[in-house]
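My notes follow in the order I took them.

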Amino acid sequence: MKYFLYCLQHYADFQGRARRSEFWFFQLFNFLIAIGIYLIVLAIKGVTGVNLGFLNSVFSLAVFIPNLAVSARRLHDTNRSGWWQLLTYVTTLTTSVLMLIFIYPLFINGMNEHAFSICMEQKGLLVLLCISIMFYLAAGTLLLVWYCFDSQPGANQYGSNPKEMDY
């Protein structure tokens, strides 16, 4: 929990380096808290009928900047720029836009065979969508691998090795 609190206290600190344990414990607690919020919202909806589903979105927005910051510091720890995170955001946006364009006929014409055949006629768009999905998966995999790398020994251009410092 100390890593989660540390990341929240340094929510906009994009300088320096973050150990694997700091990064992964922050991710773990984000996940556990999100699951907890979801279960509480589900229970409240079941008992009272009131849907508070927006609370998960509020939590996600609240930890968005701290997540960017700890991810940037984690990449710094492996001697990589935090800007590499943009790979996933750009590919997510591109894939989402292409997906919406691809399935747009289903929204206009409804879910029927004619609308589906219109979607399937857009072969060029389908190819672009598949390529975009492959880039998205490749970018996510690359970042995941980098997040798992051990710290670069000693100091690097982003600061001292956090394994050599106390919190």
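Before naming anything, I note that helices (H or I, at least four residues) and strands (E, at least two) are DSSP runs, numbered from the N terminus. This is a predicted model, in which local features need pLDDT of at least 70, side-chain atom pairs count only at pLDDT 80 or more, and totals for chains, interfaces and linings use all residues. Residues are numbered from 1 along each chain as its sequence is written, and side-chain values use heavy atoms, with hydrogens and water left out.

Entry 1, a loop residue. I looked up asparagine 79, which sits in the loop between H4 and helix H5 (86-109). Its phi is near 65°, a positive value in a residue other than glycine.

Entry 2, H1 and H2. Two packed helices are described by the angle between their axes and the distance between the axes. I take axes as lines fitted to C-alpha atoms, for helices over the stretch in contact, with angles running from 0 to 180 degrees between N-to-C directions. For helix H1 (residues 2-9) and helix H2 (residues 20-48), the axes come within 8 Å and cross at roughly 95°. H1 is therefore roughly perpendicular to H2; that label covers 65 to 115 degrees, while under 35 is roughly parallel, over 145 roughly antiparallel and the rest oblique. On the H1 side, the contact (heavy atoms within 4.5 Å) includes Tyr3, Phe4 and Cys7; on the H2 side, Phe25, Phe26 and Phe29 are among the residues involved.

Which residues of H1 are buried? I list Tyr3, Phe4 and Cys7. Seen down the axis of H1, the buried residues fall within an arc of 105°, so they line one face of the helix; the arc is that of the directions from the helix axis to the C-beta atoms. These buried residues pack against H2 and helix H4 (64-77). On the face turned away from the buried side of H1, I noted the exposed residues Lys2 and Gln9.

I then followed H4 to helix H7 (residues 123-148): the two pack at an angle of about 70°, with their axes 8 Å apart. That makes H4 roughly perpendicular to H7. Here Ser71, Arg74 and Leu75 of H4 meet Leu143, Trp146, Tyr147 and Cys148 of H7.

Notes:
Buried means under 20% relative accessible area, exposed over 50%, partly exposed in between (1.4 Å probe, protein chains only).
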